[in-house]
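Let us walk through the charged side-chain pairs here. Keep the sequence and the structure in view.

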Amino acid sequence: MGAMTVDRADGRSVNQLRPLACSRNILHRAHGSARWSQGDTIVLAAVYGPKAGTKKGENPEKASIEVIWKPKTGQIGKLEKEYEMILKRTLQSICLMTIHPNTTTSIIVQVFGDDGALLPCAINASCAALVDAGIPLKHLAVAICCGLTEGGSAILDPTKAEEQKIQAFAYLVFPNSPLSILPSAPSAEVDGPIENGIITSVTHGVMPVVDYFNCLERGRAACAKISEFHRRSFESQVPGDLTKAT
Amino acid sequence: MEQRLANTWRMTNNEKKFIESVLASDLRVDGRRPFDYRDLTIKFGREQGLSEVQLGQTRVMSYVTSQLVQPYRDRPNEGTLSIFTEFSPMADPSFEAGRPGEFAVELGRVIDRGLRESSAMDMESLCVVVGKSVWSIRVDLHIVDNGGNLIDAANIAALVALLTFRRPDCTLGGDDGQELIMHDAEVREPLPLIIHHLPIAVTFAVFGEGNIMVIDPTHKEEMVMGGKMTFTMNSNGDICAVQKAGGVGVMSSIIMQCLQIASAKAADITSKIKHAVEIYNTERASQKANHYLLEVANQVSLSDVIMKEKQVENLIEHLAYMPLDELENSNQGDALAVDTRTKHESISQGRYTRAFVRGPANWDPYSRGISSRLATSFPTLPGPSTKVKEHNVVTSNEMTVEYTVEHTTGASSSSTRVLGAPAVRPHSKGPKSLKDAVKLRTRRKSGN
């Protein structure tokens, strides 16, 4: 199956992502904030750093993470609660939970535009916001959406129109590999199973096992690129307004 | 929860006393005069009906949607307008998620009164079939950053969103002439809402004994103030709404004075809004026209790689094309996956079009600590293709379009680019190198 045989509405190839943009330190009151956009999907995430106390039911011997998802319009329903839960668990696995016990870190996600791959965009935005707030992390969580067309070919970063047409798609979150800065290193020969692992995988629709693994491979390769972009955007950041009123 | 109370931000006594005492000499903490507004920035989203307003440090996003519903029984020929305010917890650590608190309700009510009771919007034009279906307009206001004076900012955001919102055209048709057909945007141009005038809210903060007034308080001034008054007026000099809920008593002579000032400010803000919306509308109209004329696709094939280019129609301000070349050792040899796809819709409209910028660049959110979008050409993917028996092994990965960001100087000068005619910048074909990137950047800077 040729890579170019799938005709995508906006002219991308199967492995091509939409243009990425990330701006950090946008809000004045929040401790950390980031706006991440993939094409027309735009998400603004804000982080309020460790606040005293944990919610009822949370383990007070560890830090806890609270995620609030705000859709663009409408009431908060089950879908938003599901996104909150997935985001919370994903971020819990990358934050160091034992550093600040009995504290709550709040991450608020506001959807500014939804054109497919909303949850991956939100995960990427939240990670950028956490970095902006200075919350210590083990590694970044880099997310991508991978869809499966009827022909069996995997397309990356589908738009909303594409998501509705295709047979199945998966949101995949991979850890940020620290070796990605080496230019000539061939893919994935890093130490430890952690680097090759998947943090989160959410699928919609039916896909055969072989195609799912294919999506994983594509997704991992694309995430390596996104994490490069992440790093570059952090490095090139001019230290902005470091004085923040609480 | 007591734990939450521990997190509330409290002002120090020094700050409080300083703000109060300095106001006696007509000075404000951020250097403004008592009756000066902060800088107003109005931005639009790609969708129609989405707006983002920044008033100093306060940011509000507004989104307008419409739906066909049954009208109220006592008003069978009028549409409905509903305003939902969201004090997002991201705006202020003291905002709680969940049910709107009293300030959120008050804000929603003031804006609602200003729009509805002054008949700013024409509700009868929203009627489709009397007694059966009318348009219900829903305005969602999201407070994203609380820097003080939320009412004014939210009001402007709501007005801008309503002015740029377009509802689908629908006609009666079908077999029996009773069926409602909604027309797609492609088929029939969507219609704007009919808005007769713009009610602008102007908020005053009262200090001292009720004799010191300042306009557009910041959130620190709001913590110190004795009371607050909001006047909603339009540029014709009509008072649409007045809100003063408790607080320090103010003499009627001072209220009259404030009304005069509010009237002048309302006229000023109205002209800014109209200017911004006009620019946005003309840009959108020209985009539609250019979209079909200027799209040029050049296809050049290099071994197994397809390279495409398209022309950029508009230069949105910090849009600089800067590709980095990384020739990798790949199985395909000289494979150069560079896709200079700067398709206008996905790039420029993915970000907010800056239609209107006023004031010094340090209020510009986009110049503050924005990372550049970097373009990278990605090497071909060797791995997965070997597993799937694909003949064409080369796949070009994404190429992001980037920007360089002019951190402090660029914003105000580059905004003039947007206000002028759309500039078309053709991109040269062929492999790009880092030199080109650097050159382009300096060229832009010198152009500024």
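Buried means under 20% relative accessible area, exposed means over 50%, and partly exposed lies in between. At 25%, B:K220 therefore counts as partly exposed. The model is a predicted one.

Start with the partner of B:K220. This lysine forms a salt bridge with B:E15, and the closest N and O atoms are 3.1 Å apart. The pair links distant parts of the chain, 205 residues apart. B:K220 lies in helix 5 (residues 219-224) of chain B, while B:E15 lies in helix 2 (residues 13-23). B:E15 has 27% relative accessibility, so B:E15 is partly exposed as well.

Now go to the contact between chains. The side chains of B:D92 and A:R29 meet in a salt bridge, 3.0 Å from N to O. B:D92 sits in the loop between strand 4 (80-87) and helix 3 (102-116) of chain B. A:R29 sits in the loop between strand 1 (20-24) and strand 2 (32-38) of chain A. B:D92 is buried because its relative accessibility is 7%. A:R29 is buried too, at 2%.

Return to chain B for another pair. B:R32 forms a salt bridge with B:D30, with 2.9 Å between the closest N and O atoms. Here the two partners fall in separate classes. B:R32 is buried, at 9% relative accessible area, whereas B:D30 is partly exposed, at 36%.

Finish in chain A. A network of salt bridges links A:R8, A:D10, A:R12, A:R18, A:D115, A:D157 and A:E162. Over all chains, the structure holds 30 salt bridges.

Note on methods. Residues are numbered from 1 along each chain as its sequence is written. Chains are lettered from A and ligands numbered from 1 in the order in which they are written. This is a predicted model: local features need pLDDT of at least 70, side-chain atom pairs count only at pLDDT 80 or more; totals for chains, interfaces and linings use all residues. Side-chain values use heavy atoms; hydrogens and water are left out. A salt bridge is a side-chain nitrogen of Lys or Arg within 4 Å of a carboxyl oxygen of Asp or Glu. Helices (H or I, at least four residues) and strands (E, at least two) are DSSP runs, numbered from the N terminus. Buried means under 20% relative accessible area, exposed over 50%, partly exposed in between (1.4 Å probe, protein chains only).
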